[in-house]
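Subject: A structure for you to look through

Hello,

Here is the structure I promised to pass on to you. Please open it beside this message, so that you can follow each point on screen as you read.

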Amino acid sequence: MTNIDSSCIAVGDIESIVYLFFTCLRAAAIWITSPLRLRSALFTYSNAKSCWEDLASFLGKQPNSVALLQMATFILWHLWNNRNSFIFRKHYLDVNELLRVAMNHLDDFCTAMQMNSNTSFNYVQFLNVAVSWNPPSLDGESKL
């Protein structure tokens with residue numbers, strides 16, 4: 001049986017799905033730097049499904065929620081792809097490069113969607129949006 005190292009390739013902490021996508025320092029830097037401006041360190045759930053449900057719920061309440069969910073999905077995919085790129089090819093993108101590549105792929109996707117649709121929504125223009133974040137109140141509730 002193969003011995004698989006479960007430690008984070010960037011920091012050395014024990015890696016889990018939640019850690020990889022949300023709470024790793026590198027992942028947190030990507031989320032806060034992205035146009036979504038998410039504070040992913042607030043995701044304290046034990047499983048990825050709960051993180052995704054809260055993220056989708058939060059983004060689903062924002063204007064242009066479909067485009068925001070698409071952006072989050074592309075960021076998640078590129079976090080996964082970046083991890084695998086390092087494991088198999090020893091190549092790791094920094095935060096800004098990963099976001100640039102993810103947003104370029106999202107832009108390509110959105111352009112293709114516009115070409116195959118009669119929608120008037122401008123996905124490409126929407127990529128420059130930033131979701132505003134307000135700190136949670138002090139009454140013990142968390143806010144994404």
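What share of the contacts in the chain with a separation of 6 or more is accounted for by residues 24 or more positions apart? The share is 55%. Please keep in mind throughout that this is a predicted model, and that every value below was computed from it.

**The chain as a whole**

The chain has 6 helices and 0 strands, and from the N terminus on its elements therefore read α-α-α-α-α-α, with helices being counted as runs of at least four residues. Of the 144 residues in the chain, 35% are buried. The accessible surface comes to about 8,800 Å², and carbon and sulfur atoms hold 55% of that surface.

**The nonpolar core**

The largest nonpolar core has 32 residues, and the members that touch the most other members are Phe22, Trp31, Leu36, Leu55 and Ile75. Two or more residues are given to this core by each of α1 (17-23), α2 (25-33), α3 (48-60), α4 (65-89) and α5 (95-115), and the largest share, 8 residues, comes from α5.

Not counting residues up to four places away in sequence, Ile75 touches Ile30, Trp31, Ser34, Leu36, Leu99 and Met103. Is Ser34 buried or exposed? Ser34 counts as buried, because its relative accessibility is 0% and the cut-off for buried is under 20%. Leaving aside neighbours within four places in sequence, Ser34 is in contact with Ile75 and Leu99.

**Aromatic pairs**

The count of aromatic pairs comes to 3, and I describe two of them here. In general, a pair of aromatic rings is described by the distance of the centres and the angle of the planes.

For Phe22 and Trp31, the ring centres are 5.9 Å apart and the planes are at 10°, so this pair is stacked; the cut-off for stacked is under 30 degrees. Both partners are buried, Phe22 with a relative accessible area of 3% and Trp31 with a relative accessible area of 0%.

For Phe74 and Phe109, the ring centres are 5.5 Å apart and the planes are at 45°, so this pair is tilted. The pair links distant parts of the chain, since Phe74 is in helix α4 and Phe109 is in helix α5, 35 residues apart. Phe74 is buried, with a relative accessible area of 18%, whereas Phe109, with a relative accessible area of 30%, is partly exposed.

**Helix α4 and the residue that follows**

How far apart are the end C-alpha atoms of α4? They are 35 Å apart, which agrees with the 36 Å that the 25 residues of this helix should span at 1.5 Å a residue.

α4 is followed by Lys90, which is found in the loop between α4 and α5. The phi of Lys90 is near 60°, a positive value in a residue other than glycine. Lys90 is exposed, with a relative accessible area of 62%, and its charged end sits over the ring of Phe86, 5.4 Å from the ring centre.

Asn64 also has a positive phi, of about 60°, although it is not a glycine. Asn64 lies in the loop between α3 and α4 and is partly exposed, with a relative accessible area of 35%.

**A pair to find for yourself**

Which residue is 63 residues apart in sequence from Asn96 and 8.0 Å apart in space, C-alpha to C-alpha? The residue is Thr33. Asn96 is found in helix α5 and is exposed, because its relative accessible area is 56% and the cut-off for exposed is over 50%.

With best wishes

Notes: Residues are numbered from 1 along each chain as its sequence is written. This is a predicted model: local features need pLDDT of at least 70, side-chain atom pairs count only at pLDDT 80 or more; totals for chains, interfaces and linings use all residues. Side-chain values use heavy atoms; hydrogens and water are left out. Buried means under 20% relative accessible area, exposed over 50%, partly exposed in between (1.4 Å probe, protein chains only). Contact means heavy atoms within 4.5 Å. Accessible areas come from the Shrake-Rupley method with a 1.4 Å probe; for residues, only the protein chains shown count as cover. A nonpolar core is a set of buried Ala, Val, Leu, Ile, Met, Phe, Trp, Tyr and Cys residues joined through side-chain atoms within 4.5 Å. Rings of Phe, Tyr and Trp (its six-membered ring) pair if their centres lie within 6.5 Å; planes under 30 degrees apart count as stacked, over 60 as edge-to-face and the rest as tilted. A charge sits over a ring if NZ of Lys or CZ of Arg is within 6 Å of the ring centre and within 35 degrees of the ring normal. The expected span of a helix is 1.5 Å times one less than its number of residues.
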